[in-house]
Amino acid sequence: MQNPRVVVDLVKLKENLDFLSSRIKKNNNISVTAITKSFSAHPEIISVYEKCEGIDYLGDSRIENFIKNLETTKEKVLVRIPMITEIPEVVKYTDVSFNTEIKVIQKLNEEAKKQNKTHKILLMVDLGDLREGIFEEEELYSVVEQVVQLNNIKLVGLGVNLTCYGAVIPTEAILNRLVYYKEKIEARFKVNLTMISGGNSSSIYMLDPDNPENLPKEITNLRIGEAFVLGRETAYGKDYKEMHQDIFTLKTEIVEYKTKPSYPIGEVGVDAFGNKPTFVDKGLMKRGIVGIGQQDVDKMTIHPLDSRLEIVGASSDHLIIDFTKAENDYQVGDEVSFGLDYGSLLNCFTSEYVKKEFI
Ligand SMILES: *Cc1c(COP(=O)(O)O)cnc(C)c1O
């Protein structure tokens, strides 16, 4: 197998999907939208999601990721607000999209009419995280008033996103605000809002029985990305002991292995990325280079599985590691394994230079 590569344990992944989706379902039979962007909706991984009965919808932020997986049988949800320039693809390749702008929704309506379809939308409400969402209550009602007049658009619900930009942790009080909007809209516009989407992997801590916060019973959907693949909730970053945290392993290969000083020799200017680095002189060091770099992965979001190794730095194509504490256990050509965080998972699946292996 060529390096670098991400090794994906599909058996562990299936166990994570089954465990968490059934746990969510136990609670008022909430529907589950599995978010597939962290692994670029790789078809091999999608096929595992397809087999999980507890998953109702597949959600992604990128239209390209739906086009790659045309055989998918679950309903498809675009969770990033559509760009006006991608509207024909959005109507063609997805069933539901998340929206906040009436101009975009009107264009979706025109396109849906052209394609002889009804396109479903969910309106995102901003409850304080300050990423996407309609913030003003009056604007929300004004958008709904215009949306219900569109013949080829069906408004199916409301949603909120939290713990992304503003890192705001979801609470019962915050989500009750979404429920309040739902009830006002249903009464005023005589519509039935069936999908009330109460957030992402940071909302699932509210399902824990020993937690004082409860998910309001009117919440009918959750969108889960990170919790499925990394086995943890993201409000407090707690691992689930029933889930696997090691589904993905990054394997790299040592291309140089030498004893060198730890302090550069000569005048220090700026590095490959325009930053002025600082160095600590630790004397002579066993330094190894593995063949992966900042073009593929951010060195801050990977961690060597051998805890004796320490990442020293990285340029575009070279990652430098201090092997001093494990000097005799490695040589040129050996593999070095890393665990991945959310950011590096995204990066590795985006990089065509990182191969994918499934076990
Ligand atoms: C990425 C994303 C999610 C999934 O978030 P996780 O924290 O990975 O569960 C849910 N909703 C929206 C709108 C997103 O962009």
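Predicted model: local features only at pLDDT ≥ 70, side-chain atom pairs only at ≥ 80, totals over all residues.
Helix α5 (residues 102–114) and α6 cross at roughly 15°, and their axes come within 11 Å. That makes α5 roughly parallel to α6, since angles under 35 degrees count as roughly parallel.

**α5 against α6**
- The crossing of these two helices, α5 and α6, is right-handed.
- On the α5 side, the contact is made by I102, I105 and Q106, and on the α6 side by V143, Q146 and V147.
- Sorted by class, the residues where α5 meets α6 come out as four nonpolar and two polar, with no charged ones.

**α6 against α7**
- Helix α6 (residues 137–147) also packs on helix α7 (residues 172–189), this time at an angle of about 40° and with the axes 11 Å apart.
- α6 and α7 are therefore oblique to each other.
- The handedness here is right-handed as α6 passes α7.
- From α6, the contact takes in E137, L140, Y141, V144 and E145.
- From α7, the partners are R177, Y180, Y181, K184, I185, R188 and F189.
- Seven nonpolar and five charged residues make up the contact of α6 with α7, and no polar ones.

**α1 against α2**
- Over at the other pair, helix α1 (residues 10–26) packs on helix α2 (residues 43–50) with the axes 10 Å apart and an angle of about 40°.
- That makes α1 oblique to α2.
- The crossing of α1 and α2 is right-handed.
- L10, L13, K14 and L17 are what α1 brings to the contact, while α2 brings E44, I45, V48 and Y49.
- In class terms, the contact of α1 with α2 counts six nonpolar residues and two charged ones, with no polar residues.

**Around the ligand**
- The ligand is surrounded by 13 residues, and the closest are K37, S201, R223, G225 and E226.
- K37 puts a polar side-chain atom 2.7 Å from an oxygen atom of the ligand.
- S201 has a side-chain N or O atom 2.5 Å from an oxygen atom of the ligand.
- With R223, the ligand atom is a nitrogen, and it sits 2.8 Å from an N or O atom in the R223 side chain.

- As background, most peptide bonds are trans, and most residues other than glycine have a negative phi.
- One spot to look at is the bond between N3 and P4, a cis peptide with omega about -10°.
- P4 belongs to the segment before β1 (5–8).
- Another is S40, where phi is positive, near 50°, in a residue other than glycine.
- S40 lies in the loop between β2 (31–35) and α2.

**Quick recap**
- α6 turns up in two of the pairs above: with α5 it crosses at roughly 15°, and with α7 it packs at about 40°.

Notes
Residues numbered from 1 in each chain as written. Heavy atoms only, no water. Axes fitted to C-alpha atoms, helices over the stretch in contact; angles between N-to-C directions. Helix = DSSP H or I, 4+ residues; strand = E, 2+ residues; numbered from the N terminus. Parallel < 35°, antiparallel > 145°, perpendicular 65-115°, else oblique. Left-handed = near helix turned anticlockwise from the far one by under 90°. Contact = heavy atoms within 4.5 Å. Nonpolar A, V, L, I, M, F, W, Y, C, P; charged D, E, K, R; others polar. Near = heavy atom within 4 Å. Polar contact = N/O pair within 3.5 Å; in protein donor to acceptor, adjacent residues only side chain to side chain.
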